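Have a look at the sequence and the fold, and then read on.

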Amino acid sequence: MRSYLEQTVPHPAWIEIDLVQFKKNIRSVRSRIGNSLFCLCVKADGYGHGICEIGVAAEEAGVDYLCVACLKEGVELRLKGVSLPILVLGAIHEDQIESLIAWDLEFTLSSKYKAELVLDVCARLGKTCRVHLEVDTGMRRTGVRMETAQQLLPWMLSQDGLVVVGVYSHFATADAPNHSFAQHQIFEFQKLRERFADKKLIWHLANSGGVVFYPDSYFDMVRPGLLCYGYFPDGREDPLGEIAPCFSLKAKVSYFKVVEEDMGISYGHSYKTTQKTRVVTVPIGYGDGYRRAFSNKGIVLIRGKKYRISGVVCMDQFMVDIGMDEVYIGDEVTLIGKQGLERISLEEAALIADTVPYEILCSLNGRLSRIYT
Ligand SMILES: *Cc1c(COP(=O)(O)O)cnc(C)c1O
């Protein structure tokens, strides 16, 4: 549906994805991780970049694995013809087991209870399934305790219905270097791995923070997301100058008017003009996932110049007081990304909205068009 609309119906607000830069990011991450396998994290619609387009591009760029949050995302990729191994990270539900097997998805087990449910389904269907055991080394979200893992893993390895592919854990504090808790998690994970050194398993721990700051966390595979889309976890630029954002958010000016002095703009009149001025309207709002938190604070670029949003962001549009500047209907507005010599970074936008870059990316929804270059 989305791609049909995008090919046939022009829309004045859109996300641009530079797949050439994306593939450059993938190659650059690859060059940093030594011999570890490369599992790209594409959950939440590929961090808002489009799960299928990103999945296909990642396969072309030579990643080894994809990981997703849930069954639905895995099926989307399979429907698009992606044949890479796909790991579902989130806890599975009983009614999803058959589909996980049917769609050839690897999935996560974090308890004996779920493992037994899975074995029942495997026995009934006469099939095996490919699973990873998740161990909690400190995130405390899902995953079995270390002590439990020592019992559960041998038991899982002895079950005919289960092909145990790997063991993994997730960082809680790897977004900056030299964090003692991240080092503690690496140490615990390593300890468990040594106990099972004779088994052929893929051990994986590193997210983007792990890849950038903790080379000791690479083990047999890494699972970065954010970094591959061009963002360092602590907001810095790539010292090697290779990894860069491949995402921009843009719209076209839809309306122009002149407003007298001391006039309120948008719902509640939280912005008032201080002089007779020019105001333009931009056709994107919180109905597209462009957050209401940008009201009176968000920055946009028009004709290479930065302006602040005037008044509250509505569901489908917002206004900008441009003073006495010249702007025309149809002019391109950049909300995130570069225009001329100026740039509005994702990190800057996230800071303004009092959130993290991840949330800005995956809040933007399917009403926006997506254009791949
Ligand atoms: C989201 C997620 C990742 C990727 O995290 P980034 O910070 O985007 O690199 C890796 N592993 C798990 C379990 C995740 O939930």
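## Surface and overall build

The accessible surface of the protein is about 17000 Å², and carbon and sulfur atoms make up 51% of that surface. Accessible areas here come from the Shrake-Rupley method with a 1.4 Å probe, and for residues only the protein chains shown count as cover. This is a predicted model, in which local features need pLDDT of at least 70 and side-chain atom pairs count only at pLDDT 80 or more, while totals for chains, interfaces and linings use all residues. Residues are numbered from 1 along each chain as its sequence is written, and side-chain values use heavy atoms, with hydrogens and water left out.

The C-alpha trace spans about 80 × 45 × 35 Å along its principal axes. You will find 12 helices and 20 strands in the protein; these are DSSP runs, with helices being H or I of at least four residues and strands E of at least two, numbered from the N terminus. Of the 373 residues, 51% count as buried, where buried means under 20% relative accessible area, exposed over 50%, and partly exposed in between (1.4 Å probe, protein chains only). Take the contacts (heavy atoms within 4.5 Å) between residues at least 6 apart in sequence: 66% of them join residues at least 24 apart.

## Around the ligand

How many residues surround the ligand? There are 13, and the closest are Lys 43, Tyr 47, Ser 208, Gly 225 and Tyr 358; a residue is near the ligand if one of its heavy atoms lies within 4 Å of it. By class, this shell has six nonpolar, four polar and three charged residues. Ala, Val, Leu, Ile, Met, Phe, Trp, Tyr, Cys and Pro count as nonpolar, Asp, Glu, Lys and Arg as charged, and the others, Gly among them, as polar.

A polar side-chain atom of Tyr 47 lies 2.5 Å from a ligand oxygen, and a side-chain N or O atom of Tyr 358 is 2.6 Å from a ligand oxygen. Gly 225 uses a backbone N or O atom, at 2.8 Å from an oxygen of the ligand. On its own the ligand has 390 Å² of accessible area, and the protein covers 93% of that.

## Cysteines

The structure holds zero disulfides, a disulfide being a pair of cysteine sulfur atoms within 2.5 Å. Cys 246 is in no disulfide, and its nearest cysteine sulfur, that of Cys 228, is 9.7 Å away. Cys 246 is buried, at 3% relative accessible area.

Cys 362 counts as partly exposed, with 39% relative accessibility.

Notes
A polar contact is a pair of N or O atoms within 3.5 Å; within protein, one must be able to donate a hydrogen and the other to accept it, and residues adjacent in sequence count only if both atoms are side-chain atoms.
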